Amino acid sequence: MTIRFREHKRAYDRHFYPGATLEDEKNVCFASDDWYEMLRFFHFVLSD
């Protein structure tokens with residue numbers, strides 16, 4: 001899963017989720033075989 005942010009600061013702040021990586025200045029990537037872990041990632045990354 002790759003999530004692209006409009007602002008690089010938000011991408012940087014959200015890449016601290018365990019297992020997430022900062023692909024470039026605006027893209028945060030995460031991969032997991034566990035659907036529940038993906039939901040937790042979505043909640044962490046997309047909540048304000």
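Visitor: Before anything else, what does contact mean here?
Guide: Two residues are in contact when they have heavy atoms within 4.5 Å. The model is a predicted one.

Visitor: Fine. Which residues is V28 in contact with, leaving aside neighbours within four places in sequence?
Guide: With those neighbours left out, V28 contacts M1, T2, I3, F5, A11, R14, H15, A20, T21, L22 and F41.

Visitor: And N27, where is that?
Guide: N27 sits in strand β3.

Visitor: Buried or exposed?
Guide: N27 has a relative accessible area of 8%, so it is buried. Buried is anything under 20%. Beyond its neighbours within four places in sequence, N27 touches T2, I3, R4, A11, T21 and L22.

Visitor: Which residues make up the largest nonpolar core?
Guide: There are 10 residues in that core: I3, F5, A11, Y17, A20, V28, F30, M38, F41 and V45.

Visitor: Which element gives the most to it?
Guide: Helix α2 does, with 3 residues.

Visitor: Switching to rings. How many aromatic pairs does a search of the whole structure find?
Guide: The search finds 6 aromatic pairs. One of them is Y17 with F30, where the ring centres are 5.4 Å apart and the planes stand at 85°.

Visitor: What is that geometry for Y17 and F30 called?
Guide: Edge-to-face, because the planes are at 85° and an angle over 60 degrees falls in that class.

Visitor: Where in the chain do Y17 and F30 lie?
Guide: Y17 is in the loop between α1 (8-14) and β2 (21-22), while F30 is in the loop between β3 (27-29) and α2 (35-46). The two are 13 residues apart in sequence, so their pair ties those parts together.

Visitor: Is F30 buried or exposed?
Guide: F30 is buried, at 6% relative accessibility. Y17 is buried as well, with a relative accessible area of 8%.

Visitor: How are the rings of Y17 and F44 placed?
Guide: Their centres are 5.3 Å apart and their planes are at 50°, so this pair is tilted. It links distant parts of the chain, with Y17 in the loop between α1 and β2 and F44 in helix α2, 27 residues apart.

Visitor: Which residues form the aromatic cluster?
Guide: Y17, F30, F41, F42 and F44 form one cluster.

Visitor: On to charges. How many salt bridges are found?
Guide: A search of the whole structure gives 2 salt bridges. In one, K9 pairs with D13, and the closest N and O atoms are 3.0 Å apart. In the other, R40 pairs with E37, with 3.6 Å between the closest N and O atoms.

Visitor: What about R40 and E37, how many residues apart?
Guide: They are 3 residues apart in helix α2, again about one helical turn. R40 is partly exposed, at 40% relative accessibility.

Visitor: Last one. What is the mean pLDDT of the protein?
Guide: The mean is 95, and 100% of the residues reach 70 or more.

How values were computed: Residues are numbered from 1 along each chain as its sequence is written. This is a predicted model: local features need pLDDT of at least 70, side-chain atom pairs count only at pLDDT 80 or more; totals for chains, interfaces and linings use all residues. Side-chain values use heavy atoms; hydrogens and water are left out. Rings of Phe, Tyr and Trp (its six-membered ring) pair if their centres lie within 6.5 Å; planes under 30 degrees apart count as stacked, over 60 as edge-to-face and the rest as tilted. Helices (H or I, at least four residues) and strands (E, at least two) are DSSP runs, numbered from the N terminus. Buried means under 20% relative accessible area, exposed over 50%, partly exposed in between (1.4 Å probe, protein chains only). pLDDT is the predictor's confidence in each residue, from 0 to 100. A nonpolar core is a set of buried Ala, Val, Leu, Ile, Met, Phe, Trp, Tyr and Cys residues joined through side-chain atoms within 4.5 Å. A salt bridge is a side-chain nitrogen of Lys or Arg within 4 Å of a carboxyl oxygen of Asp or Glu.
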